[in-house]
Amino acid sequence: MVVQQMRSAPRREVQELLAQGRSLRGISRDLNLDYYAVRRYARAAGLEELLVAATHRTTLLDAYKPYLYERFSQGCHNASLLFREVRAQGYPGSASPVDRYVRLLRKGSIAPPPPRPTPKPRKITAWIMTHPDNLRPDHAPDLEQVREACPELDATFRHVRGFATMMRDLRGDRLPAWIDAVPEADLPHLHRFAHGLRYDLDAIIAGLSLPWNSGQAEGQNTRVKLVKRQGYGRANFDLLRKRILLRT
């Protein structure tokens, strides 16, 4: 009721001045209101339209409302506890919006929020390929939900993380066991990858076990390609050779 009175007073004044033929700029100066606020009051068909616009603004809490609603439905009505939980998931706002949302849930005056949109395949791939220590707190629960909903993705996650661990810890001795475990899941593309590793198994095990790699050679190849592109159409082979050898 208080909010309605606060919004109805300036709207009524704006509408009265408009009826007198005043301009929006003039009304803004006379009432000491922001021009865009005056324009919004002038265009609104009624007070209800202003209230709907105010209650449907995008907030920092929107992404966490499905979780809050689910926890509230499970019996957790403690706003402070819910704030700490969403804060741990990456919520950057203050506790006041959480407390306000919980009060509305207690009154039963709001509808259930829409479920979170299904993550795109590229985003799920990024979550799987990211080291667990570097995964954002708000992405970890989403990844767990995806794994629970799709057994194939869960199996892919386990195999990819296992292979990444071999690369990071130089444990090439685990590769044969990893290859043998892949056919247990219904993952045709991963089957072909694992089968291809058997053709040069010794070399791959050595690559996953020894501290040396071809990074230096690949880096030099990249540098040479960059130098070549920089001089394309403007320099001959002699200048290209000097730039590569001098490295300046």
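Reply: Happy to! Contact means heavy atoms within 4.5 Å. By that rule, residues 24 or more positions apart account for 51% of the contacts in the protein chain with a separation of 6 or more. This is a predicted model, where local features need pLDDT of at least 70 and side-chain atom pairs pLDDT 80 or more, while totals for chains, interfaces and linings use all residues. Numbering runs from 1 along each chain as its sequence is written, and side-chain values use heavy atoms, without hydrogens or water.

The protein chain holds 15 helices and zero strands (DSSP runs numbered from the N terminus: H or I of at least four residues for helices, E of at least two for strands). Of its 248 residues, 26% count as buried, meaning under 20% relative accessible area with a 1.4 Å probe, protein chains only.

Now for the close look, at helices α8 and α9. Helix α8 spans residues 121-129 and helix α9 residues 140-149; their axes (lines fitted to C-alpha atoms over the stretch in contact, with angles from 0 to 180 degrees between N-to-C directions) lie 11 Å apart, at an angle of about 105°. The two helices are therefore roughly perpendicular, a label for angles of 65 to 115 degrees. On the α8 side, I124, W127 and I128 take part, meeting D142, L143 and V146 of α9. Five of the residues in this contact are nonpolar, one is charged and none is polar; here Val, Leu, Ile and Trp are among the nonpolar residues, Asp is among the charged ones, and Gly is among the polar ones.

Conventions: Buried < 20%, exposed > 50% of the residue type's maximum accessible area, 1.4 Å probe, protein only. Parallel < 35°, antiparallel > 145°, perpendicular 65-115°, else oblique.
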